[in-house]
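Colleague: Before I use the labels on this model, I would like to hear what stands behind them. Please take them one at a time.

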Amino acid sequence: FIIELNNDKSIKAKKFLSGPVNFKKFDIDLNGQDLNQELDNALGSLKDNCVVELNLTGFINKNDFDNRLNIINKNLERFIDYEINYQELRPIIDQNILKEFSENSFAYKFLNNIMAEPDNNAEAYMAYSLIKSLEM
């Protein structure tokens, strides 16, 4: 068995048959793609006797971003062990985000102008983060 103590102090145990173990590292740059589908494409053909390191970057839709831990863990739980780095994963800022602001506000007009240009996800995210930080 492999016994692991999680950050929340819970204990996780997995049965482990000794033998060949494969170590796999994936760097996946998501730019609007479906997170679950991309993970399935990358990990689907791997056997369970793998240790996986997964580095996720780029932009995904807000729903996938909000549920990223559940989606990632669901795709990785079958492996012996895994490590995830998703610090560079960002939500796509879309028109729905504008509902947070009044149409006559600076924030609304500023974000709307940035989002008018295609492929401005990074700029829109930075602008949205800046605006949200100033609200406090």
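Modeller: Two strands pair if DSSP finds at least two bridges between them. Helices (H or I, at least four residues) and strands (E, at least two) are DSSP runs, numbered from the N terminus. This is a predicted model, in which local features need pLDDT of at least 70 and side-chain atom pairs count only at pLDDT 80 or more, while totals for chains, interfaces and linings use all residues. Residues are numbered from 1 along each chain as its sequence is written, and side-chain values use heavy atoms, with hydrogens and water left out.

Colleague: What makes S3 and strand S4 a pair?

Modeller: DSSP must find at least two bridges, and 10 bridges join S3 to S4 (residues 50-60). They therefore count as paired, and they run parallel. Phe26, for one, stands opposite Leu54 in S4.

Colleague: Why is one side of S3 and of S5 left without a neighbour in the sheet?

Modeller: The sheet is open, with 3 strands in the order S3-S4-S5 and parallel pairing. S3 (22-31) and S5 (81-91) stand at the edges with a single partner strand each, so one side of each has no neighbour in the sheet.

Colleague: How do you know that helix H1 packs on the sheet?

Modeller: By contact, which means heavy atoms within 4.5 Å. H1 (residues 35-43) touches S3 and S4, and H3 (residues 68-76) touches S4 and S5. The direction of H1 makes about 150 degrees with that of S3; for H3 and S5 the angle is also about 150 degrees. Such angles run from 0 to 180 degrees between N-to-C directions, with axes fitted to C-alpha atoms, for helices over the stretch in contact.

Colleague: What makes a set of residues a nonpolar core?

Modeller: Its members are buried Ala, Val, Leu, Ile, Met, Phe, Trp, Tyr and Cys residues joined through side-chain atoms within 4.5 Å. Buried means under 20% relative accessible area, exposed over 50%, and partly exposed in between (1.4 Å probe, protein chains only). The largest such core has 20 residues, and Leu39, Leu43, Val52 and Leu56 have the most contacts inside it. S4 gives the largest share, 5 residues.

Colleague: Why are the buried residues of H4 put on the same side?

Modeller: In H4 (residues 106-116), Ala107, Tyr108, Leu111, Ile114 and Met115 are buried. They cover an arc of only 140 degrees around the axis, so they lie on the same side of H4. The arc is that of the directions from the helix axis to the C-beta atoms. The face turned away from the buried side carries the exposed residues Phe106, Asn113 and Ala116.
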